[in-house]
Amino acid sequence: MIKIKAKDVDVFYGKKQALFNISLDIEENQVTALIGPSGCGKSTFLRCLNRMNDVIDICSVKGEILINDFNINDKSCDVVRLREKIGMVFQKPNPFPKTLYENVSYGPTIHGMAQSKQEMDEIVETSLKKAALWEEVKDRLHEPGTGLSGGQQQRLCIARAISVRPEVILMDEPCSALDPIATAQIEELIDELKKEHTIIIVTHSMAQAARVSQNTGFFHLGQLIEHGSTDKIFKNPDTKKTQDYITGRFG
Amino acid sequence: MNLILFTFIVLLGFTSYYFGRKKAYTIQSTKKRLTALPQFYGYYLAIWCAIPAFIIFSLWAIFEPTIVKLLILSDYSNQGYLDDELNLLYEKSKALSRGQFTGEITPFIEASAEKYLSLRSIAQSSKVVIVLSAIIASVVYAYKRISSNSRTREPVEKFLNAVLFTASLAAILTTVGIVFSLIFQTIDFFKVIPLFDFVFGTHWYPAKAFVRDSSEALDPTMYSDTFGAVPIFAGTFFIAFIAMCVAIPIGLMSGIYLAEYASTKVRQYAKPLIEILAGIPTVVYGFFAALTVGPFLKELGTSMGLEVSAESALAAGGVMGIMIIPFISSLSDDVITSVPQSLRDGSYAIGATKSETIKRVIFPAALPGIVGSILLGVSRAIGETMIVVMASGLAANLTLNPLESTSTITAQIVVILIGDQAFGDPKTQAAFALGMSLFLVTLCLNIVALRVVKKYREKYE
């Protein structure tokens, strides 16, 4: 089933065009990987999906992005509700300078999702459990989140993102600042999360894309060169460019 | 003469730099590897030229007058003069030698004056000779050392280290000196006025101390009820409080606006404009408060049936608050801007609005810096003088009514030290006691500020 449908998306930074005519369908409850060399626009595309480009003054987005058949670039779209449904995890772990508990309860608090302290405790616990962090931190929920290791911080950020039960999770190179062990843990987690969430992950590591994703899109110079099932992209790509990138001949 | 010698030494320094570097190039041309870059050879030689000259100059400046005086006074040594009379004789002959003496000229003094002149010229020429020979000796020594290609980089670095150390030492010693001068005068003050009366007395009326005839002996009992500092401490904190009531909300809000809401263009113009406020001399604020705000408040109050003094704490405090706004807004703007963008992204990405993000994420993260800027503002408010002197009157009323006039520590120091003062008089020493208390208050504030900042930093990093 199609969860997100992008139609002819163009993105401009001032006068410079960063994305050209991107049309891409994202399958529900699957992991879609976006790969491509640096500066090819894959992160820009990811940020279109929860309108994070609004934060950048000079950035403008054209085209339609349908999520559950609703165009999020439409004026009637409520960005706060949208971002409640579309969570995001960033390249560098960015826990708030607050306690672990406050980090996870942040989203539910601003969206008014818990009526009582008890409910909030439950949300925090389930989110941390889903993020595979609960066992490690359950005794120090009231210590600062910035005191964790890099991998733990990133899982905390994932817990923060899933605390509001988003339908989609966007991940912008979530493992690029982590060591191999922490990376493996996150990848395992992604596999688990796709049961309940649709996941789109931007990655520089082709091995990672092959390991975690079911679908892959290959971006180059602001254009979507090819997309399809990960198997096909990695084993039998349609275009020479994709073939070259996959085999490491450029990029 | 000294100036010519000094210029000459500076020129020598440049020349030795040039020769040192040239020597290095010569060594290099013989295919030897240098121990440092050529300019280090130059600096090394220049330092060896400057240091002996500097040492001899300073020693000369310290000892020359003493030695000359001893030599002159040795003529009178067994004629039974008292020390004071000898000093007077010396000063007289010095004045005569400069042609500034107007009194009766005795042969004795004339002889001394001539001797003084000849001693001075001997001293002067021997100084030139000694300084120059010392420079030549040390430069020759240093030149030999660099000719043998020995190390130059380390001594030059050590010298720079020493220069920088001296500079910071000078700053610290000045502070220590100021504190000590305050302490001794303050102790003298409290010998006459009991500490208890000063700290808990509620009447401040230093003009009363003027009435005393200086030939009379000091009678502490007549100063009871004169130097009670409670009204001026209260006034100081009261005016500072009014100022912070104006400055904190406006400064903080404009800081947040500049950092988070203003577009790049608005920020580009608004920030320098606000900072202009910080550049206005306080005396200008002072007459703004005294001539514009004060009368305006009085009229406004009268129209509402309130009794407002033309010189009110409200006028002084309000204008002082305006003066402090740029400190708080500019500093908190800097602190807020330096909160990493990734935290904002994290908050927006989960659906927080701008105001929620500011309130829950950015403000707590920036709090140590904001508290620091506020405490800096409080220090400014407590130390501010001119606005209070001009706009809030000089009478130390003990009042908590912002519409009446009141006075502050700094304003009272001004009142006490304007015009003629007698040293050793309790009235003058009262200024030192006030200065000391002001110093202690701001010191405590700074310590508190550091503590607060440190505490939050531990929590957030």
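Reader: Which strands form the open sheet in chain A, and in what order?
Author: Four strands do, in the order β2-β1-β4-β5, and the pairing is antiparallel. Strands here are DSSP runs of E of at least two residues, numbered from the N terminus. Two of them pair if DSSP finds at least two bridges between them. This is a predicted model: local features need pLDDT of at least 70, side-chain atom pairs count only at pLDDT 80 or more, and totals for chains, interfaces and linings use all residues. Residues are numbered from 1 along each chain as its sequence is written, while chains are lettered from A and ligands numbered from 1 in the order in which they are written.

Reader: Which are the edge strands?
Author: β2 (16-27) and β5 (70-71) of chain A. Each pairs on one side only.

Reader: How many bridges link β1 and β4 of chain A?
Author: Eight. β1 covers residues 2-13 and β4 covers residues 59-67, and they pair in the antiparallel sense. Within β4(A), A:Ile67 is the bridge partner of A:Ile4.

Reader: What about β3 of chain A: buried or exposed?
Author: Mostly covered. Five of the five residues in β3 (residues 31-35) are buried. Buried means 20 or more other C-beta atoms within 10 Å of the residue's own; exposed means 12 or fewer, partly exposed is in between, and C-beta atoms are placed from the backbone.

Reader: Which residues sit on each face of β3(A)?
Author: A:Val31, A:Ala33 and A:Ile35 are on one side, with A:Thr32 and A:Leu34 on the other.

Reader: Which strands does β3(A) pair with?
Author: One is β8 (residues 198-202) of chain A, parallel, over four bridges. There A:Thr32 stands opposite A:Ile200. Four bridges also join β3(A) to β9 (residues 215-220) of chain A, again running parallel. In β9(A), A:Thr32 has A:Asn215 as its bridge partner.

Reader: Switching to chain B. What is its mean pLDDT?
Author: It is 85, and 93% of the residues of chain B reach 70 or more. pLDDT is the predictor's confidence in each residue, from 0 to 100. For the complex, the predictor gives an ipTM of 0.91 and a pTM of 0.77.

Reader: How is chain B divided?
Author: Into domain 1 (2-151) and domain 2 (223-460), with bounds from an automatic or database domain assignment. Their C-alpha centres lie 51 Å apart.

Reader: At what angle do α1 and α2 of chain B cross?
Author: Roughly 150°, and the axes of α1 (residues 2-29) and α2 (residues 38-73) come within 7 Å.

How values were computed. Axes are lines fitted to C-alpha atoms, for helices over the stretch in contact, and angles run from 0 to 180 degrees between N-to-C directions.
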